[in-house]
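Student: I've got a model open and want to talk through how it is put together. Can you take me through it?

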Amino acid sequence: MRRDVRILLLGDDGVGKSTLITSLIKESFVANVQHVIPEVTIPPEVTPDNVTTHIVDTSTRPEYRDTLETEIRKAHVICIVYAIDEPATFNRLSGHWLPYIRSLGVNVPVVLVGNKIDLRGDDVSNKRLEDEVVPIMNDFKEVETCVECSAKQPLNVSEVFYFAQKAVLHPTAPLYDSREHVLKPACVDALQRIFNLCDLDKDGVLDDAELNEFQRKCFNAPLQLQELEAVKEVVKEHEPEGVNEIGLTEVVFLFLHTLFIQRGRLETTWTVLRQFGYGDDLTLRESFLCPRVEIPIDCSVELSPKGYQFFTELFQVFDKDKDSALKKSELEALFKTSPGNPWAHTAFPQTTITTELGAVTLQGFLAQWSMTTMLDYQLTLRYLAYLGFEGDTTTAIKVTRPRKIDRRKGKVQRNVFLCYVFGAPKSGKTSLLRGFLDKPFSDQYEPTARPFAVVNSVEIKGAEKYLVMEEFGTQHEAEVLQNKKRLDKCDLLCFVFDSSDVNSFSYVVNLRKKYHLEHMPSVFVATKSDSDLVLQRNEVQPDVYCRHLGLAAPISISVKSRQMADLFNILTAVAMCPSIATPAGFLDANSSTVRMKRYLTAVGVAGALIAVCLLGVRLYRHHGPSS
């Protein structure tokens, strides 16, 4: 909501524009005033909505013409004043002033002000006002309302400026079609979304507890019992089927807001909309969807405990059949208050843990959000807002320590790790990623046409960590490997080669050499161990190549036979302690004592199996490679 309002008074000379301003300021009638009153500024503390108000007077004299047009363009709301005792000034509302404003390309709210009602005598009411004004409002949608007043008595003077301010801060036009007397579609969509967010148990009805929570969130005060009953009585009077023994339906929720608007209580509906993040155009504000977060270079973003709690509770609410998995219809219901499934453009749900029928488990749901937060934290922030996270969405995420510091210290304290997977076509990269999720193995080869990322949880010493594995396909490998920022986001590289293909290993060797990847923590994986092992057409064989780098020999696996050699625990352990898989020439410390200490740390993290896999590495580094 804007913090200042500029009100412009327009109209024929002699209708009382200057006198109205003076009567407001002096709180009494001043008979003789100057022709044009200087701009008046009213401080926020004396206005109902706590906004600074600027009131600007105008004149129709020729010498003021340029100033008049300038002020019209600067105005937030325009009050066109006419004199009750001069019908010609009323006729000029639609005959001159409203078309003139439009001709300048100005589209701001307009309030029609009938001054000098004291000249009617004792009866200052005008029962014909609606009949006189409605045709104008039908032709000129920018007209918000009409107020009759008297600067002399004074009567309704403060109301003129209140309605002008209200037309800016709580406009009718975005919410309500005055001609059809219905809510506009964008308003209906916004209110339906709010209803769905407030329906905490998703039963299609707002019960008393949910109504009270809604009232607290929007107006910072619970509904009193008598107020709640009064609301229900009003609803029963107009929509008898809208209230049941549980509470209020969505139809009634929309009806109540229609009633608020029709009775001039637009501030009620606008307060609700703004509390739920909507701007004046009835779209969610960018500052609400994606608040500013400082992410230092080389840091990553993870969900905080609050974030995991929110997504866990969300999962449980929408798991209607209580089978501990979200099927397609339940996911659609979950994302109803958002633009849609954020992973629709990916291979989801093949990217995370699902049941045999493809329903996403809680483990898979949390893992998917962990991956999303690491790869695109702004998307997570947006969906936290869409899905109704209570309070500051930035508290649902946390920023990690820079990777370079982690690598220098030799130990990582993060919970989500990113592993890039590279290898020759048909080396088994996609099968490896699918094997990480226990997906069925397929002999059919499909080349990777676009990046494919999967995520799963890995338990290390009783603590749950998340490992994200991403492959890119030969078409996209270069753009990743040439991009320093992309590489800096990665915790380790997994080089995959087919142990039954003589040319497979040379592909990854050439890749490392071409893109100078010697500084990156690396693990080599030999796939298809169930097939016949062949000598690789390379200067040295894989085990010797790794030995020269001071790395462990390639880990042999077979996804087809489900012989995975605890690979994913090893990859996670390397990500947590990257020095154990960094080529020897790029370690900061040179002494064998420090190297052995790092090795022992890795053993403590990943367990005895990793100790067996990496023992040779440390011994090679301690004694030097053999010839």
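Student: Which domains is the protein divided into?
Tutor: First, this is a predicted model: local features need pLDDT of at least 70, side-chain atom pairs count only at pLDDT 80 or more, and totals for chains, interfaces and linings use all residues. Residues are numbered from 1 along each chain as its sequence is written, and side-chain values use heavy atoms, with hydrogens and water left out. The bounds come from an automatic or database domain assignment. They give domain 1 (4-169), domain 2 (182-283), domain 3 (302-341 + 350-398) and domain 4 (405-597).

Student: Why is strand S15 largely enclosed by the rest of the structure?
Tutor: Strands here are DSSP runs (E, at least two residues; helices are H or I, at least four), numbered from the N terminus. Buried means under 20% relative accessible area with a 1.4 Å probe, protein chains only (exposed is over 50%, partly exposed in between). Val 416, Leu 418, Tyr 420 and Phe 422 point one way, Phe 417, Cys 419, Val 421 and Gly 423 the other, and all are buried. S15 (residues 416-423) is largely enclosed because the number of its eight residues that are buried is eight.

Student: Which residue in S17 stands opposite Leu 418?
Tutor: Two strands pair if DSSP finds at least two bridges between them. Opposite Leu 418 you'll find Val 468.

Student: And what is the bridge partner of Phe 422 in S18?
Tutor: S18 (residues 492-498) also pairs with S15 in the parallel sense, over five bridges. Within S18, the partner of Phe 422 is Phe 495.

Student: Which are the edge strands of the open sheet of six strands?
Tutor: Pairing in this sheet is mixed, and the order is S2-S3-S1-S4-S5-S6. An edge strand pairs on one side only, which here gives S2 (40-42) and S6 (143-148).

Student: Are H6 and H9 parallel, antiparallel, perpendicular or oblique to each other?
Tutor: Axes are lines fitted to C-alpha atoms, for helices over the stretch in contact (heavy atoms within 4.5 Å), and angles run from 0 to 180 degrees between N-to-C directions. H6 (residues 185-198) and H9 (residues 250-262) pack at about 130°, axes 10 Å apart. Under 35 degrees counts as roughly parallel, over 145 as roughly antiparallel, 65 to 115 as roughly perpendicular and the rest as oblique. The two helices are therefore oblique.
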